[in-house]
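Take a first look at the fold below. Turn it slowly and keep the sequence at hand.

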Amino acid sequence: MVFDFLKRAQAEVPETKASATGPVVAYHSAGRVAWSPRDTVSLTRAGFSGNPVGFRCVKMIAEAAAAVPLVLQDKAQRFEEHPMLSLLRRPNMAQGQAEMLEALYAQLLLSGDGYLEAVGLDDERAMMPLELHVLRSDRMRVVPGADGWPVAYEYSVGAVKHRFDVRNESAICHIRNFHPQDDHYGLSPMQSAATAIDVHNAATRWSKALLDNAARPSGAIVYSGADGQSSLSHDQYDRLVAEMEMHHQGARNAGRPMLLEGGLDWKPMGFSPSDMEFQKTKEAAAREIALAFGVPPMLLGIPGDATYANYQEANRAFFRLTILPMVTRVSSSISNWLQSFAGESLCLKPDLDQVAALSAERDSQWARVDQATFLSTAEKRQLLGLPPLPQESSDG
């Protein structure tokens with residue numbers, strides 16, 4: 001009887017489900033600086049605001065990804081009108097869909113993390129949030145719980161902080177790139193390209209210093225006096241410098257012949273092999289930056305790249321390998337987050353039929369599927385990623 005009582009007492013303990021490694025993650029992440037020494041603000045200033053290659057890479061990817069049309073569908077139909085589509089078309093009073101998505105993609109590229117805030121969740125009449133806002137990644141901090149999962153997000157602007165509790169209904173959608181050594185934050189292409197950005201910026205500063213010094217001197221004036229003297233007097237030196245500045249420097253004096261008096265000789269100078277190699281180093285750094293972002297160097301006008309046969313092939317690879325994976329991942333995260341408010345299973349994805357860069361591939365796929373006589377209409381639509389026709393879904 002005693003043993004039966006003990007067994008019944010043990011059986012009443014409720015079953016708990018938790019990750020075995022969660023507490024270890026929480027302990028490791030507590031009090032740890034989220035970013036490496038190359039913090040987001042410094043990388044953004046050096047690699048985006050201060051580097052033309054990084055700036056163009058981020059702008060190209062963000063603008064192209066934001067311009068990709070999105071479609072919303074479930075297992076039975078593709079929606080032309082839906083509260084989720086209406087929210088994305090006009091996410092807030094200051095932005096449209098393209099502007100909001102461009103900001104979100106840019107945050108992902110610059111910091112590795114993108115944050116969307118849902119506004120108006122307290123309105124019980126609303127099926128969806130009233131507004132969506134993109135939050136700056138450098139101001140956001142993840143607050144992990146005892147089990148390692150985020151329990152809150154803390155947004156700081158100066159000394160003011162706002163805490164978003166995400167244990168129940170999350171007002172924050174956190175989209176992050178894969179990071180092999182961080183459990184809560186993503187790895188940005190800017191961090192991978194940081195060394196190449198430093199090299200490229202240093203080469204640009206070196207070139208600017210040359211220009212400030214009238215670039216490399218085209219030659220040197222050598223003085224050899226009649227009595228074996230190798231130096232000019234102070235008055236002669238000052239007079240020579242003044243004449244050089246007045247008559248032989250600047251764009252308006254380009255090509256003007258120089259009149260040399262006795263004892264003065266002109267020695268032309270050119271670029272050394274090391275100077276020519278320095279320019280190649282700068283171009284190699286530019287290609288590495290483009291490689292980190294997934295932009296074909298040909299699209300950026302970087303010389304020395306012959307990976308693709310033509311511009312159209314490079315643009316097609318850019319969309320296929322860089323734009324579409326990012327758009328697919330971000331749109332899937334947004335739909336998974338918003339469908340919890342809608343209470344229905346929805347799929348938001350890019351509409352490949354409307355991507356002009358992939359029209360040739362899409363036409364070829366449509367032709368192959370259309371010529372497959374052994375496939376039914378329903379199977380063809382499924383292969384093309386289209387929902388079944390209404391009569392087909394009702395028959396099923």
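What follows is a walk from the whole protein to some of its parts.

This is a predicted model, in which local features need pLDDT of at least 70 and side-chain atom pairs count only at pLDDT 80 or more, while totals for chains, interfaces and linings use all residues. Residues are numbered from 1 along each chain as its sequence is written, and side-chain values use heavy atoms, with hydrogens and water left out.

Start with the whole. The protein has 15 helices and 11 strands. Both are DSSP runs, numbered from the N terminus: helices are H or I with at least four residues, strands are E with at least two. Of its 396 residues, 35% count as buried. Buried means under 20% relative accessible area, exposed means over 50%, and partly exposed lies in between, with a 1.4 Å probe and protein chains only. The accessible surface comes to about 24,000 Å², and 55% of it belongs to carbon and sulfur atoms. Those areas come from the Shrake-Rupley method with a 1.4 Å probe; for residues, only the protein chains shown count as cover. Now take contacts, meaning heavy atoms within 4.5 Å. Among contacts between residues at least 6 apart in sequence, 64% join residues at least 24 apart.

Next, go inside. A nonpolar core is a set of buried Ala, Val, Leu, Ile, Met, Phe, Trp, Tyr and Cys residues joined through side-chain atoms within 4.5 Å. The largest one holds 63 residues, and those touching the most other members are Tyr105, Phe293, Phe318, Phe319, Ile323, Ile334 and Leu338. Helix α12 gives the largest share of this core, 13 residues. Another core, of 11 residues, lies apart from it, with Leu135, Val142, Phe164 and Ile172 among them. Leaving out residues up to four places away in sequence, Phe293 touches Cys57, Val58, Ile61, Leu109, Pro189, Met190 and Thr322.

Helix α10 covers residues 273-293, and Ile289 lies in it. Is Ile289 buried or exposed? Its relative accessible area is 0%, so Ile289 is buried. Beyond its neighbours within four places in sequence, its contacts include Asn51, Val53, Ala193 and His200. Ala194 is 95 residues from Ile289 in sequence, yet their C-alpha atoms are 8.2 Å apart.

Buried residues of α6 include Met100, Leu104 and Tyr105. After α6 comes Gly112, with a positive phi near 90°.

Now look for rings. The structure holds 4 aromatic pairs. Rings of Phe, Tyr and Trp (its six-membered ring) pair if their centres lie within 6.5 Å; planes under 30 degrees apart count as stacked, over 60 as edge-to-face and the rest as tilted. Tyr115 and Tyr153 have ring centres 5.9 Å apart and planes at 70°, so they are edge-to-face. Tyr115 sits in strand β3 and Tyr153 in strand β6, so the pair links distant parts of the chain, 38 residues apart. Both are buried. Trp337 and Phe341 are edge-to-face too, because their planes are at 80°, with centres 5.8 Å apart. They are 4 residues apart in helix α12, separated by about one helical turn.

End in a loop. Gly158 lies between β6 and β7. At 71% relative accessibility, Gly158 counts as exposed.
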